[in-house]
Amino acid sequence: MVLIEDDPIINYKSSQNHMMSGDKAQKYKEKVLTRHDIFLESLLPTGSYTKLYSYAHLLNGFALHTTSEKAIKILDGARGVRVIHEDIKMTKMTTYTPEYTGISSGVWPVLGGAERSGDGVVIGMIDTGINPSHPSFSNDRPTSVSELKKFKGTCEAGDAFPSTACNGKIVSAQFFARGAIAAGDFNATHEYASPFDADGHGSHTASIAAGNYHVPVSSKCYNYGYASGMAPGARIAIYRASYSFGGYMSDVVAAIDKAVEDGVDILSLSIGPSSVPPGPASFLNILEVQLLFATKAGVSVVQAVGNRGPDSSTVLSFSPWITSVAASTTDRKYNNSIILGNGQVLSGIGLSPPTPDEVMFPIAAAEDVSTRNRNGTTAWLSNCQDPGSFIPSVVRGKLIICAYVTRFIYAPTRISVIFDTIQKIGAAGVIVTTDRDLLNSEIGVESMTLSVPGIVLQSTQDSQALWDYYSSNTARGVNGHVISFVGTGRIQDGRHAIYTGDAPTVASYSSRGPDINNNLREAADVLKPNIMAPGSAIWGAWSPSSHSIEEVTGEDFVMLSGTSMATPHISGIVALIKQKHPDWSPAAIMSAMMTTADVTDRYGRRILAQQSDKLSTATPFDYGAGFINGARAIDPGLIFDIGFENYIQFLCTVPGIDEGTLKRAVGVGCPMSRMLWSSDLNTASVTVTNLVGSRRVARRVTSVATVMERYTVTVQEPAGVAVTVTPQVFMISPNSSRGLRILLQAIEATSTFTFGEVVLNGDKNHVVRIPLAVLASSTLSP
């Protein structure tokens with residue numbers, strides 16, 4: 001691709017000092033094309049190249065195919081050539097997270113390819129059900145449930161859910177709504193009395209965890225690429241216990257109970273309590289205790305950490321036997337822009353088609369093309385909520401500026417209604433900006449696919465630039481009415497993803513630690529979250545009949561954000577680890593993911609976290625042990641294992657839990673052998689909420705490698721804390737274990753947690769990271 005120094009149409013100014021259009025633009029384009037042909041013919045021998053395209057609107061240049069190095073050298077040295085770009089191959093990628101997490105290249109090949117990855121493993125989805133007709137859950141190679149070693153789930157037919165829906169990919173489907181019915185919230189007409197997903201959330205999470213490989217993703221008649229679950233070969237068991245209105249603990253507990261009875265390998269919960277449960281300890285609410293017993297049965301439990309970030313202590317997944325998942329961004333971005341008639345380019349968002357044929361369309365503010373006798377106020381007209389307010393003959397063929405009014409007294413502006421209005425009135429497209437009286441705030445909008453050209457300007461600077469351009473290019477009469485709309489623009493195609501290569505960033509909404517012991521919000525000696533996975537702008541399956549998000553009704557795929565989306569990424573990766581290591585305990589699997597997680601980008605820079613108004617260096621209270629690295633998690637070298645009795649020992653050290661409380665909650669008392677501190681639980685992290693003087697923390701590692709390995713210990717100390725690890729160097733053979741002693745000494749009192757890490761570096765390329773989070777309350781007395 002060769003760019004020429006001459007101006008393209010967008011930069012070429014006519015005598016009226018605005019961008020040319022119509023016949024003038026067409027004549028200029030023809031002239032440019034002719035110049036390209038003359039230019040090439042004058043430089044290159046006939047037959048040595050083929051011209052593919054001429055660019056004239058946004059770029060002035062051409063694309064040509066040649067195999068002649070001489071031709072390239074001639075062009076490179078030719079006068080008037082700005083730059084030459086070698087063409088590169090492009091590929092469509094949608095649920096791109098299997099690659100981003102290292103799964104597609106580092107795990108699927110080890111397990112026999114994508115379609116076999118997760119084979120034999122059953123993921124129990126505790127969610128809003130499933131849309132069985134979605135291609136993400138079809139089964140071209142039916143496998144009977146009897147071929148699964150221990151699973152015995154059933155298929156509960158009902159509304160919109162025939163018995164044939166359990167096709168071997170979906171191996172069981174049941175629904176639980178008695179609690180919701182008793183509360184009067186369940187409406188069978190809207191919710192369906194069956195495992196069918198009337199909401200969409202459950203289909204979305206199930207497809208992320210174990211959706212079929214390479215499923216075409218289409219929305220608003222546009223193909224966004226192909227989607228794959230993390231474990232495309234895994235089976236899905238559906239336990240519908242949540243609905244469009246939420247759910248009830250009683251139904252969730254019943255669902256989990258049945259799931260473990262049926263023999264699922266993994267429980268995936270993109271749901272959780274709405275607040276910290278009452279009682280003596282967060283770890284002893286009924287759901288936490290039930291999940292403790294699920295892990296005792298060998299079932300890995302994966303749960304969303306919550307969407308209440310970025311404030312601290314907002315986690316809603318508490319217990320050390322649960323893998324609690326934080327959410328991150330990815331490096332996939334969907335950007336859009338509008339090119340104004342003066343050549344200025346304004347950036348924004350909007351998964352929309354472009355305005356057609358590279359034509360510049362007149363721009364008009366909504367209030368300037370509306371009748372003013374409806375609803376009375378300019379503010380009402382400008383927010384484009386009423387199609388009947390517009391003058392049809394005036395709006396057609398124009399880009400309409402609509403204001404996103406956040407503080408309108410009558411009703412808030414709805415973005416989805418704006419786009420619906422533009423489609424109904426027949427405008428060429430829409431530019432959504434902040435209201436001119438609210439330029440100190442920015443528009444926030446979830447990614448949504450659009451059927452009309454549209455862009456949302458999130459930057460107040462870009463919003464102001466648009467209004468300045470519009471005001472200076474709109475002629476008005478003495479009464480203020482517009483005489484002519486001179487300003488023009490063209491909306492680009494916002495549906496093409498770009499991949500920046502950036503490291504993940506902790507999403508602002510993702511709930512943060514420290515973990516809490518009780519509803520008094522006292523910090524616990526447990527690291528939460530545990531691990532981070534992609535959660536922002538994630539494509540997934542949907543139920544077209546769902547009305548839970550009105551703007552995506554009728555769609556088969558949608559893009560959503562939340563720790564709900566991050567959780568099934570981890571559930572799918574757990575399935576891959578379980579397939580590779582079927583005898584590993586839930587604690588071993590959690591350990592493998594945590595000790596191999598990434599905390600830096602490819603350049604060694606620390607991962608960042610989104611705060612309310614800035615980015616900061618992320619800590620273990622933001623991302624747990626770090627961002628999941630699936631390729632390393634299946635071969636961690638060492639694991640930290642924990643058994644049921646160890647968890648009971650842990651509970652006996654938690655403030656507020658005595659023997660009687662424990663027996664009432666769990667049904668067992670404290671064992672004779674006890675831990676001294678909660679921090680002695682053999683987790684793949686160390687959290688100490690109240691370090692007074694010094695504390696010795698015990699850990700025990702087990703080798704899961706195939707050969708003997710020599711490990712060397714390095715330490716990054718938390719501020720104010722000296723850390724000594726014994727031994728500093730050790731050898732460990734396969735399947736053997738050895739103890740570690742970590743001595744923490746407070747050398748300076750700190751008012752907040754500080755963070756560090758212990759790293760075990762193996763000579764067979766295993767690197768085992770143990771995050772440290774310590775609050776040093778006081779130092780040793782002299």
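Tutor: Val721 stands opposite Ala746 in strand 38. The model is predicted, so local features need pLDDT of at least 70 and side-chain atom pairs 80 or more, while totals for chains, interfaces and linings use all residues. Residues are numbered from 1 along each chain as its sequence is written, and side-chain values use heavy atoms, without hydrogens and water.

Student: How do you know that strand 36 and strand 38 pair?
Tutor: Strands (E, at least two residues) and helices (H or I, at least four) are DSSP runs numbered from the N terminus. Two strands pair if DSSP finds at least two bridges between them. Strand 36 and strand 38 (residues 737-746) have 6 bridges in the antiparallel sense, so they pair.

Student: What makes strand 36 an edge strand?
Tutor: The open sheet has 4 strands in the order 32-34-38-36, with antiparallel pairing. Strand 36 (721-726) pairs on one side only, as does strand 32 (638-639).

Student: Why is a space called a cavity?
Tutor: A cavity is a set of points on a 1 Å grid over the protein atoms alone where a 1.4 Å probe fits but cannot get out. The search finds 3 cavities of 30 Å³ or more.

Student: What makes a residue part of the lining?
Tutor: Lining residues have an atom within 4 Å of a point. The largest cavity has 23 of them, and Pro320 and Ile642 are among the closest to its centre. Helix 15 gives the most, with 4 residues.

Methods
1 Å grid on protein atoms, 1.4 Å probe; cavity = no way out; pocket = protein on both sides within 12 Å on 5 of 7 lines; lining within 4 Å. Points joined across faces, edges and corners; volume = space filled by probe spheres on them.
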